[in-house]
Amino acid sequence: MTDSFEALRALVAAGGVVVLSGAGLSTESGIPDYRGPSGVARRHTPMTFQAFTRDPLARRRYWARSHLGWRLIAGAAPNAGHRAVAGLQHAGLVDEVITQNVDGLHGVAGSTSVIELHGRLDEVICLDCGNLTSREELDRRLREANPDFVAQVAAVNPDGDVDLPDEQVAAFRPVDCGFCGTGMLKPDVVFFGETVPPQRVARCFAAVERARSLLVLGSSLTVMSGRRFVIRAAKRGIPVAIVNQGPTRGDGHATICVDAPLGVLLPELAGRVGGAAPVGV
């Protein structure tokens with residue numbers, strides 16, 4: 001890995017880096033991913049936008065499970081990888097961060113100019129009136145509506161969902177929008193089968209096209225939502241570096257590929273490029 005690490009160090013040291021992060025960056029914060037070493041894709045089918053909006057039973061199941069599981073996301077803290085990215089940004093080497101994650105940990109770690117491609121799990125939107133509220137407020141209302149709801153969490157999934165038996169789901173009462181009174185509430189995240197807002201995608205493309213290099217961290221690039229930015233960079237002749245545990249679908253477009261744990265490699269990288277110490281360390 002020595003040669004590839006030195007190539008990565010030189011690329012980052014030149015500055016003008018845009019980071020594209022995926023779930024693999026947050027696994028060391030205790031948040032599982034879908035396809036990496038801790039992945040759960042084989043046993044868990046994520047909620048789709050179509051099922052959520054069309055099927056009241058699917059919606060009840062989602063909210064019952066998410067009501068318990070989102071607290072793992074809310075309680076997670078940035079890890080050494082997040083802090084190293086913030087350190088590189090504060091040193092003037094990383095310009096912008098595009099993240100596919102919904103956990104908000106880049107911002108907590110101190111990064112700025114973060115584009116949250118798939119939204120944030122700690123915000124809730126009404127699909128009827130568009131009102132945004134905090135997940136903490138929804139949590140309070142759900143507790144009031146379900147004072148006797150007790151469930152045993154078997155496993156937590158990457159989107160803050162958990163596995164629950166049907167009989168426990170059946171006892172759960174979802175709530176409607178507290179602003180308009182009747183609207184359907186949904187986490188302000190992009191579900192599978194849902195489209196990322198076009199203006200957000202345009203911001204990401206613009207960031208990539210301004211970049212001197214694109215650094216992918218912890219993403220398998222399996223879905224086009226993230227891979228399109230790698231393809232755009234490669235078409236524009238912008239070097240792409242990928243750091244991930246295992247192969248990705250973007251490897252063919254990459255100038256540099258490094259297979260390594262991000263919590264180890266990123267602090268080392270930050271310390272080797274002009275003393276960009278990780279934030280908070």
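1. Two strands count as paired if DSSP finds at least two bridges between them. The model discussed here is predicted. By that rule, three strands form an open sheet in the order 5-4-6, and the pairing is antiparallel.

2. Which strands stand at the edges of the sheet? They are strand 5 (132–134) and strand 6 (185–189); each has a single partner strand, so one side of each is left without a neighbour in the sheet. From one strand to the next, the twist averages 45°.

3. Two pairs of residues can be picked out on the structure: Gly119 stands opposite Val189 of strand 6, and Ile125 has Lys186 of strand 6 as its bridge partner.

4. Strand 4 also pairs with strand 5, again in the antiparallel sense, over three bridges. Here Glu123 is found opposite Ser134 of strand 5. Strand 4 and strand 5 make a hairpin with five residues between the strands.

5. The next point concerns two helices. In general, a pair of packed helices is described by the angle between the axes and the distance between them. For helix 8 (residues 198–210) and helix 9 (residues 224–235), the axes come within 10 Å and cross at roughly 35°. The crossing of helix 8 and helix 9 is right-handed.

6. Which residues meet where helix 8 and helix 9 are in contact? Helix 8 contributes Val201, Cys204, Phe205, Val208 and Glu209, while helix 9 contributes Arg228, Phe229, Arg232 and Ala233. By class, the residues of this contact are six nonpolar and three charged, with no polar ones.

7. The last point is the second largest pocket, which holds about 180 Å³ of space. Its lining is made of 15 residues, and those nearest the pocket centre are Ile73, Ala74, Asp103, Arg120 and Asp122. Helix 3 (56–75), helix 5 (105–109) and strand 4 are the elements that give two or more residues to this lining. Sorted by class, the lining has 10 nonpolar, one polar and four charged residues.

Conventions:
Residues numbered from 1 in each chain as written. Predicted model: local features only at pLDDT ≥ 70, side-chain atom pairs only at ≥ 80, totals over all residues. Heavy atoms only, no water. Helix = DSSP H or I, 4+ residues; strand = E, 2+ residues; numbered from the N terminus. Axes fitted to C-alpha atoms, helices over the stretch in contact; angles between N-to-C directions. Left-handed = near helix turned anticlockwise from the far one by under 90°. Contact = heavy atoms within 4.5 Å. Nonpolar A, V, L, I, M, F, W, Y, C, P; charged D, E, K, R; others polar. 1 Å grid on protein atoms, 1.4 Å probe; cavity = no way out; pocket = protein on both sides within 12 Å on 5 of 7 lines; lining within 4 Å. Points joined across faces, edges and corners; volume = space filled by probe spheres on them.
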